[in-house]
Structures are given as structure tokens and as C-alpha cells.
Amino acid sequence: MKHFLSPLWKSFCSARFYDEESGGRVSRPVLLLLFLCVLCAALFALKLHLSIVAVMKDELSFVVAQLPDMKITDGRLSTALSAERSAVDDPLYVVRSSKGELFAVIDETADIAPEGLGGAKLYVTGYEVAVADGAGSERNYPLSCMRDLTIDQEMIKGWALRAYYFAGIASFPFLFLGLAVYRFIQAGVLSLFAYGVFRGLKRRRPMGFCFSLALFSLIPPLVAGTLVDLATGKGYIGFWM
């Protein structure tokens with residue numbers, strides 16, 4: 001294992017390392033770069049996950065604090081507002097932030113959601129939930145399948161946090177695939193450049209040597225960029241260096 005991981009530090013400071021190791025089997029630098037891509041993608045996914053949770057905890061608390069307790073009985077929604085407010089005060093408008101951006105409307109006196117959802121992302125009526133799908137239309141989900149369900153603020157917050165936790169973790173395969181494809185394309189371009197340089201210097205090297213050289217040369221910027229990014233939080237430097 002130590003021999004396999006030795007390029008992680010030798011690639012930073014040893015010119016002799018590149019000349020000796022690039023002449024070996026191509027599988028070693030390929031596996032090493034894939035290992036680094038897995039490690040870096042996992043770190044970025046964890047960072048993204050923690051960032052989403054940190055932001056959404058504040059945003060979520062702001063939104064949930066505006067919601068009443070709700071109960072669905074035989075497909076019919078009722079809220080705590082029924083006992084506290086008259087129908088004149090309906091519907092309830094839920095905003096996303098202190099700027100007043102409309103997020104949801106709860107109107108238990110309505111049977112169906114209006115077209116366009118009144119500019120909201122979510123519209124809850126006495127019998128259905130309508131969600132804007134981002135394409136200028138909405139999807140409607142009837143409550144008729146629910147017989148007896150009580151929903152309070154803690155339950156809503158728990159549902160939302162579990163969804164956001166999953167979103168951060170689920171980003172890993174996409175981050176890994178994007179990083180690996182980008183790095184191997186980069187290695188291919190660099191190997192063609194190195195092959196041309198060696199030919200120009202009349203020091204011919206096989207394409208396998210040039211490809212291994214290119215793969216090893218990507219280790220320092222990938223490792224250094226990832227460490228800098230994790231330390232400073234200024235962007236995904238490790239992806240693009």
C-alpha cells in the first residue's frame with residue numbers, strides 16, 4: 001500500500017520519479033487517480049452535504065415557524081387556523097425568507113388550487129396539494145388516500161431535513177463521475193502534448209509512457225487544490241486546477 005500511495009508525495013518533489021515510474025504499467029497511475037477521485041468526491045459531497053444542512057436549518061426553521069398544525073381526516077384537511085381565524089383571513093401565505101418571497105399558500109376553504117398557484121411553489125387546499133414543477137405547470141396530489149394523519153411543525157421539519165440529508169449524500173456519484181471524466185480527458189490532452197514534445201526533442205517515448213506521465217502530473221494539483229478548497233471554502237478548486 002505504501003508503494004502504491006508513494007506518488008502522493010513523490011510527485012510533488014521528485015523529477016526522477018516521473019522518469020522512472022512513467023515507464024511502468026499504466027494501470028498503476030490509472031488506479032491511483034481513480035482512488036483520488038473517489039476520495040476527493042467524497043470530501044466534496046460531505047462539504048456540500050454540511051453546507052446544505054447548515055443553510056436549510058435556518059431557512060427551514062423560518063418557514064416551519066409559520067405553519068399551523070394540520071390534520072387530514074378522510075381526505076379533508078383542517079388546520080389550527082380554523083379555530084383561531086375567520087374565513088376572511090384565509091388563505092395563509094408562507095414566505096421563504098425575511099425578504100418576503102412567497103413559498104406556499106394554505107387555504108383549507110378552497111377545493112382546488114388556482115391556475116398558476118397564485119405565484120407560490122406550493123398550494124394546499126382542503127382536498128389537494130399542488131406543487132409547481134418549474135415548467136410553468138403544476139402537479140396535483142389529492143388527499144383522498146389519507147384517512148387519519150396529524151401533521152405538526154416538528155414532523156414537517158423532520159421530513160424536510162431527511163430529504164436534504166439524502167440530497168447531499170446522493171451527490172457523491174455525480175461528483176465522482178464528473179471529476180473522473182474531466183481528469184482523464186485532461187490526461188489524454190496532456191499525453192498528446194507530451195508525445196509531441198518528445199518527438200520534437202528527438203527523444204521518442206511510447207504513448208503509454210506519455211499517458212502515465214500525464215496521470216502522475218495531475219496528482220499534485222488535485223491533492224493541493226482539494227486541500228486548499230477544504231481549508232478556505234472558496235470553491236471547488238480541486239476540480240478545475
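This report describes strands, helices and aromatic pairs in one predicted model.

Residues are numbered from 1 along each chain as its sequence is written. Because the model is predicted, local features need pLDDT of at least 70 and side-chain atom pairs count only at pLDDT 80 or more, while totals for chains, interfaces and linings use all residues; side-chain values use heavy atoms, with hydrogens and water left out.

**Strands**

Helices (H or I, at least four residues) and strands (E, at least two) are DSSP runs numbered from the N terminus, and two strands pair if DSSP finds at least two bridges between them. Strand E1 (residues 70–73) is joined to E2 by four bridges in the antiparallel sense, and Thr73 is found opposite Arg76 in E2.

Elsewhere, strand E4 (residues 102–107) and strand E5 (residues 122–125) run parallel and are joined by four bridges, whereas E5 and strand E6 (residues 128–132) run antiparallel, with three bridges. Leu122 in E5 is the bridge partner of Ala104, and Leu122 also stands opposite Val131 in E6. Two residues lie between E5 and E6 in the hairpin that they form.

**Aromatic pairs**

The structure holds two aromatic pairs, counted for rings of Phe, Tyr and Trp (its six-membered ring) whose centres lie within 6.5 Å; planes under 30 degrees apart are stacked, over 60 edge-to-face and the rest tilted.

| Pair | Centre to centre | Angle between planes | Class |
|---|---|---|---|
| Phe172 and Phe176 | 6.4 Å | 20° | stacked |
| Phe198 and Phe209 | 5.9 Å | 70° | edge-to-face |

Phe172 and Phe176 are four residues apart in helix H7 (residues 172–200), and therefore about one helical turn separates them. Buried means under 20% relative accessible area, exposed over 50% and partly exposed in between (1.4 Å probe, protein chains only). Phe172 is partly exposed at 28%, and Phe176 is partly exposed at 23%. Phe198 and Phe209, by contrast, are both buried; Phe198 lies in helix H7 and Phe209 in helix H8 (residues 207–217), so their pair ties together parts eleven residues apart in sequence.

**Helix H9**

The buried residues of H9 include Ile219, Leu222 and Asp229.
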